[in-house]
Amino acid sequence: MENEDKGIYVFKPQKRSKLVAPISEDGTGLYDPVWNGTTWSSLTKEEWLAKQSANDGPDFISGPTEAEQLQAQQVVMIANLTKQVQDLQGAVKTLVLQNAVANKEEK
């Protein structure tokens with residue numbers, strides 16, 4: 001499996017074709033399935049678990065990255081600023097109407 005061609009296959013299904021999930025001969029799912037041109041091959045469950053352990057160790061940090069946290073803060077700031085702009089536009093509209101009424105009363 002190490003020396004397999006890791007080429008990219010472009011698949012364009014025909015109108016009547018069906019997409020089928022890769023499964024083993026006994027009907028169970030496969031671990032990291034690879035199409036070798038004729039059949040699906042897979043890692044064993046043990047190989048797959050060993051490959052996953054790098055993401056399960058004590059140094060693995062789940063959650064948003066620092067960049068994602070910064071982006072989320074910026075989104076919140078933009079939303080707050082948008083709300084403030086809308087509030088100010090409403091206040092300006094009210095003041096313009098009040099000014100127009102006051103000017104009309106003076107005449």
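Among contacts in the chain between residues at least 6 apart in sequence, what percentage join residues at least 24 apart? The figure is 19%, where contact means heavy atoms within 4.5 Å.

## The model and its layout

This is a predicted model, in which local features need pLDDT of at least 70 and side-chain atom pairs count only at pLDDT 80 or more, while totals for chains, interfaces and linings use all residues. Residues are numbered from 1 along each chain as its sequence is written, and side-chain values use heavy atoms, with hydrogens and water left out.

The chain holds 2 helices and 2 strands, in the order β-β-α-α along the sequence. These elements are DSSP runs numbered from the N terminus (helices: H or I, at least four residues; strands: E, at least two).

## Surface

Of the 107 residues in the chain, 3% are buried. Here buried means under 20% relative accessible area, exposed over 50%, and partly exposed in between (1.4 Å probe, protein chains only).

The accessible surface of the chain is about 10,200 Å², with 57% of that belonging to carbon and sulfur atoms. Areas come from the Shrake-Rupley method with a 1.4 Å probe; for residues, only the protein chains shown count as cover.

Let's look at the aromatic rings. The whole structure has 1 aromatic pair: Tyr 31 and Trp 48, tilted, at 5.2 Å centre to centre and 45° between the planes. Tyr 31 sits in strand β1 (residues 31-35) and Trp 48 in helix α1 (residues 45-52), 17 residues apart. Rings of Phe, Tyr and Trp (its six-membered ring) pair if their centres lie within 6.5 Å; planes under 30 degrees apart are stacked, over 60 edge-to-face, and the rest tilted. Tyr 31 is partly exposed at 28%, and Trp 48 is partly exposed at 27%.

Asp 32, also in strand β1, forms a salt bridge with Lys 51, the closest N and O atoms being 2.7 Å apart. Since Lys 51 belongs to helix α1, this pair ties together parts that are 19 residues apart in sequence. A salt bridge is a side-chain nitrogen of Lys or Arg within 4 Å of a carboxyl oxygen of Asp or Glu. Asp 32 is partly exposed at 30%, whereas Lys 51 is exposed at 51%. Beyond its neighbours within four places in sequence, Asp 32 also has contacts that include Ser 41, Leu 43 and Trp 48.

## A salt bridge within helix α2

The count comes to 2 salt bridges, and one of them joins Asp 87 and Lys 83, with closest N and O atoms 2.8 Å apart. These two residues are separated by about one helical turn, because they are 4 residues apart in helix α2 (residues 66-106). Asp 87 is partly exposed at 42%, and Lys 83 is partly exposed at 47%.
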